[in-house]
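Could you give me a friendly briefing on this structure? I am new to it and would like the main points grouped by topic.

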Amino acid sequence: MPELNERTVLYTPLMTAIQRTGWTLWVDGDGPNWISTDERGTWLLQTLSASPLAFSQLVSCYAEQDGLEIGKAW
């Protein structure tokens with residue numbers, strides 16, 4: 001299993017988002033893989049869909065987005 005550390009680059013495959021009230025279903029048609037997320041998970045997946053990010057970059061963006069300390073965002 002790959003190690004997750006601050007330099008690990010995260011990305012998402014091309015997925016279809018099906019929005020519902022309070023949650024989103026994400027479907028990877030090539031998989032077939034799927035995941036259901038709340039608003040925070042949707043924000044994370046949308047951020048990674050825009051461009052791959054190192055885990056440390058994603059944590060920083062998430063902390064800034066939700067006004068969290070880095071330790072809490074991690």
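Here is a short tour, starting with the overall picture and moving on to single residues.

This is a predicted model, in which local features need pLDDT of at least 70 and side-chain atom pairs count only at pLDDT 80 or more, while totals for chains, interfaces and linings use all residues. Residues are numbered from 1 along each chain as its sequence is written, and side-chain values use heavy atoms, with hydrogens and water left out. The protein chain has 3 helices and 5 strands; helices (H or I, at least four residues) and strands (E, at least two) are DSSP runs, numbered from the N terminus.

**Overall picture**

- Read from the N terminus, the elements of the protein chain follow the order β-β-β-β-α-β-α-α.
- Along the principal axes, the C-alpha atoms of the protein chain fill a box of roughly 30 × 30 × 20 Å.
- Of the 74 residues in the protein chain, 28% are buried; buried means under 20% relative accessible area, exposed over 50% and partly exposed in between, with a 1.4 Å probe and protein chains only.
- Contact means heavy atoms within 4.5 Å, and among contacts in the protein chain between residues at least 6 apart in sequence, 29% join residues at least 24 apart.

**Confidence**

- The average pLDDT of the protein chain is 92, and 100% of the residues score at least 70; pLDDT is the predictor's confidence in each residue, from 0 to 100.
- Confidence is highest in strand 5, at 96, and lowest in helix 3, at a mean of 92.

**Aromatic pairs**

- Rings of Phe, Tyr and Trp (its six-membered ring) pair if their centres lie within 6.5 Å, and planes under 30 degrees apart count as stacked, over 60 as edge-to-face and the rest as tilted.
- By this rule, the count is 2 aromatic pairs.
- One of them is the tilted pair of W43 and Y62, with 6.2 Å centre to centre and 40° between the planes.
- W43 lies in helix 1 (residues 39–50) and Y62 in helix 2 (residues 55–66), so this pair ties together parts that are 19 residues apart in sequence.
- Y62 counts as buried, at 13% relative accessibility.
- F55 and W74 form an edge-to-face pair, with 5.1 Å centre to centre and 85° between the planes.
- This pair links distant parts of the chain, with F55 in helix 2 and W74 in the segment after helix 3 (70–73), 19 residues apart.

**The nonpolar core**

- The largest nonpolar core is made up of 5 residues, F55, V59, Y62, A63 and A73; such a core is a set of buried Ala, Val, Leu, Ile, Met, Phe, Trp, Tyr and Cys residues joined through side-chain atoms within 4.5 Å.
- Helix 2 gives the most to this core, with 4 residues.
- Leaving aside neighbours within four places in sequence, F55 is in contact with L4, N5, E6, T8, L10 and W74.

**Helix 1**

- The 12 residues of helix 1 should span 16 Å at 1.5 Å a residue, and the end C-alpha atoms are 17 Å apart, which agrees; the expected span is 1.5 Å times one less than the number of residues.
- G41, T42, L45, T47 and L48 are the buried residues of helix 1.
- Among the elements covering these buried residues are strand 1 (9–10), strand 2 (16–20), strand 5 (53–54) and helix 2.
- At the start of helix 1, a side-chain oxygen of D38 reaches to within 3.1 Å of the backbone nitrogen of R40.

- A54 is in strand 5 and is buried, with a relative accessible area of 15%.
- The C-alpha atoms of A54 and R7 are separated by 5.3 Å, although these residues are 47 residues apart along the chain.
- T24 belongs to strand 3 and is buried, with a relative accessible area of 4%.
- A cis peptide bond joins G31 and P32, with omega about -5°, and P32 is in the loop between strand 3 and strand 4.

Notes
Polar contact = N/O pair within 3.5 Å; in protein donor to acceptor, adjacent residues only side chain to side chain.
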